[in-house]
Amino acid sequence: MTSQPEVEHLLRELAPQVLGSLARQHDRFDACEDAVQEALLAAATRWPAEGVPEHPRTWLIAVARRRLIDEVRNERARRRREETVARLEASDRSSVPGPEEDRPPEHDDTLTLLFLCCHPALTPTSQIALALRAVGGLTTAQIAHAFLVPEATMAQRISRAKQTIRAGGISFEMPPEARRADRMRVVLHVLYLIFNEGYTATSGPHLQRTELADEAIRITRLVHRLVPSNGEVAGLLALMLLTNARRAARTAPDGSLVLLADQDRGLWDRAAIDNGVALIACTLARGSLGPYQLQAAIAAVHAEARRAEDTDWREIVALYELLERIAPSPVFTLNRAVAVAMVRGPKAGLELLATMDGDDRLARHHYLEAVRARLLDMAGDAPAARHAYRLAARRATSLPERRYLESRAARLGSPGPAPQSARSAPASRAAPRG
Amino acid sequence: MKYLLMIYDNPETRELFFSNEGKSLMAEMEALMNELRESGELVSTEALADPPNTRTVRAQNGVPVVTDGPLAEAKEHFGGYLVVDCESIERATEIAVRWPSARFCPLEVRPIMDTGATDG
């Protein structure tokens with residue numbers, strides 16, 4: 001007897017290996033992926049009761065291959081594809097791995113698999129869904145729950161992705177050397193999006209959502225092990241570890257959002273922080289530089305401050321300047337404005353913000369006003385800060401962020417000497433008096 | 001990110017879409033819905049019955065007041081909706097522009113509040 005979670009853990013580890021083994025031999029990726037999912041399902045139902053077979057990987061490959069043969073056979077009945085089946089059956093007889101082969105293959109296919117799932121021909125939502133299923137070994141239902149969409153919607157994204165791969169004749173192989181850096185950027189972005197979806201979750205089926213963050217870390221760790229010299233992979237892993245270390249501190253017991261500066265740092269996961277700090281220090285020491293590494297370095301500076309007031313803001317300003325130079329983004333500039341305010345005072349930060357007022361990319365976003373509110377608050381200008389918090393609150397599209405911004409505005413007191421009755425009425429009905 | 005596409009109608013567009021002449025518009029609508037289903041962007045969609053089938057509910061001083069209607073025909077009314085989960089508000093807008101009724105009555109594209117939040 002093996003417990004359900006143990007089985008699930010094992011299956012998710014083996015999923016990409018089994019799929020890689022199949023996809024390497026047969027050019028029908030979509031059919032291979034279906035066959036592997038069926039094998040995983042069979043194992044998930046049978047192993048907890050019957051026990052894990054002695055050679056689980058071999059078992060899964062054998063079952064998946066039988067399913068694949070059945071599938072192609074059915075298709076043959078429809079399309080008369082004798083040749084494919086003959087070839088499959090021959091390979092089934094000759095290449096089922098013996099028990100001694102039941103260890104991770106020397107050549108790990110996980111990376112090839114990730115490159116395929118994150119092929120630029122697929123939309124980001126499809127890349128995410130396919131990567132979680134093919135590499136993460138999650139079921140469609142689990143992915144749908146985690147992303148709060150109906151299972152049919154998620155199933156459609158996965159089948160669309162596989163169709164695109166098939167129609168585009170995209171094969172299961174490592175991208176050519178010259179394109180690998182570009183393709184790796186897409187892979188890392190997909191992993192980053194998966195992590196964020198989980199980390200930023202504050203409600204919904206909490207477990208499944210936060211599991212996404214763990215899953216992203218697990219896959220990124222796998223990639224890091226395969227390409228340890230890639231600084232951006234190490235940087236992303238460090239960034240995830242350092243961010244995730246704050247998870248327990250980022251919500252109050254009532255579920256409301258707690259920002260970095262106000263978090264109880266005693267709740268931070270010190271082991272994860274040590275891990276992340278060591279990883280990013282070692283990567284930067286090699287002279288490597290990239291957006292994820294710099295963001296990890298910034299997260300490390302925060303993580304190393306025992307109290308918010310111990311934060312080395314000068315270092316953070318310098319890191320943001322570097323980051324903006326290699327990866328310009330208005331969000332990085334906003335973050336730098338906060339850091340600048342911490343070093344040189346709120347006025348300097350507000351001046352930097354003033355240069356961004358015409359930026360179209362921020363026009364509808366609440367973040368610019370939220371940062372302005374924070375700096376005005378620092379400067380002691382309560383009415384202006386309150387106004388900016390309210391503006392930011394109205395623009396926010398996230399419930400916890402809206403609540404947070406409203407609570408900041410409320411903390412700054414009520415606006416002017418308006419009569420109590422007018423203030424408590426809904427805004428639309430509050431007529432000016434007197 | 002999820003968006004609600006609010007579809008507005010008026011009495012004439014309603015008649016047009018449900019009439020024989022409206023068949024090609026309906027087919028166009030079906031095709032677009034299928035396209036969104038296949039792309040994995042469609043979360044849900046419903047059409048609403050006409051406004052006279054409505055009940056309006058208010059609680060006045062703790063007393064519920066339920067009335068039928070609005071029975072009078074308004075110039076435009078909320079006629080149905082789509083929930084899509086897509087990359088950006090630009091993409092959601094593109095879908096709204098292609099919705100056949102946009103040629104007669106407006107659609108509104110509203111972001112749905114999500115529950116994710118960053119602490120940084």
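Me: pLDDT is the predictor's confidence in each residue, from 0 to 100. So what pLDDT does chain B average?

Reply: You're looking at a predicted model, where local features need pLDDT of at least 70, side-chain atom pairs count only at pLDDT 80 or more, and totals for chains, interfaces and linings use all residues; side-chain values use heavy atoms, leaving out hydrogens and water. Residues are numbered from 1 along each chain as its sequence is written, with chains lettered from A and ligands numbered from 1 in the order in which they are written. In chain B, 100% of the residues score at least 70. The average pLDDT of chain B is 93.

Me: And what is the mean pLDDT of chain A?

Reply: In chain A, 87% of the residues reach 70 or more. For the model, the scores are ipTM 0.84 and pTM 0.84. The mean pLDDT of chain A is 87.

Me: Over residues 417-434 of chain A, how many contacts beyond four places in sequence does the model have?

Reply: Contact here means heavy atoms within 4.5 Å. Residues 95-101 of chain A stay under 50 in pLDDT and have nine such contacts. Residues 417-434 of chain A stay under 50 too, and their count is six.

Me: How are α1(A) and α2(A) oriented to each other?

Reply: Helices are DSSP runs (H or I, at least four residues), and α1 of chain A covers residues 4-25. It packs with α2(A) at about 155° and with the axes 10 Å apart; the axes are lines fitted to C-alpha atoms over the stretch in contact, with angles from 0 to 180 degrees between N-to-C directions. Angles under 35 degrees count as roughly parallel, over 145 as roughly antiparallel, 65 to 115 as roughly perpendicular and the rest as oblique. So α1(A) and α2(A) are roughly antiparallel.

Me: How many nonpolar residues does the contact of α1(A) with α2(A) have?

Reply: Residues including A:Leu10, A:Leu11 and A:Val18 in α1(A) meet ones including A:Phe29, A:Leu40 and A:Trp47 in α2(A). Ala, Val, Leu, Ile, Met, Phe, Trp, Tyr, Cys and Pro count as nonpolar, Asp, Glu, Lys and Arg as charged, and the others, Gly among them, as polar. One residue of this contact is polar and one is charged, while the nonpolar count is 17.

Me: Which residue forms an aromatic pair with A:Trp47?

Reply: The whole structure holds six aromatic pairs over all chains; rings of Phe, Tyr and Trp (its six-membered ring) pair if their centres lie within 6.5 Å, and planes under 30 degrees apart count as stacked, over 60 as edge-to-face and the rest as tilted. The pair with A:Trp47 is edge-to-face, 5.2 Å centre to centre and 70° between the planes. A:Trp47 lies in α2(A) and its partner in α3(A), so parts 12 residues apart in sequence are tied together. That partner is A:Trp59.

Me: Is the crossing of α18(A) and α19(A) left-handed or right-handed?

Reply: Helices α18 (residues 382-395) and α19 (residues 399-411) of chain A pack at about 160°, with axes 8 Å apart. A crossing is left-handed if the near helix is turned anticlockwise from the far one by less than a right angle, and right-handed if clockwise. The crossing of α18(A) and α19(A) is left-handed.

How values were computed:
Helices (H or I, at least four residues) and strands (E, at least two) are DSSP runs, numbered from the N terminus.
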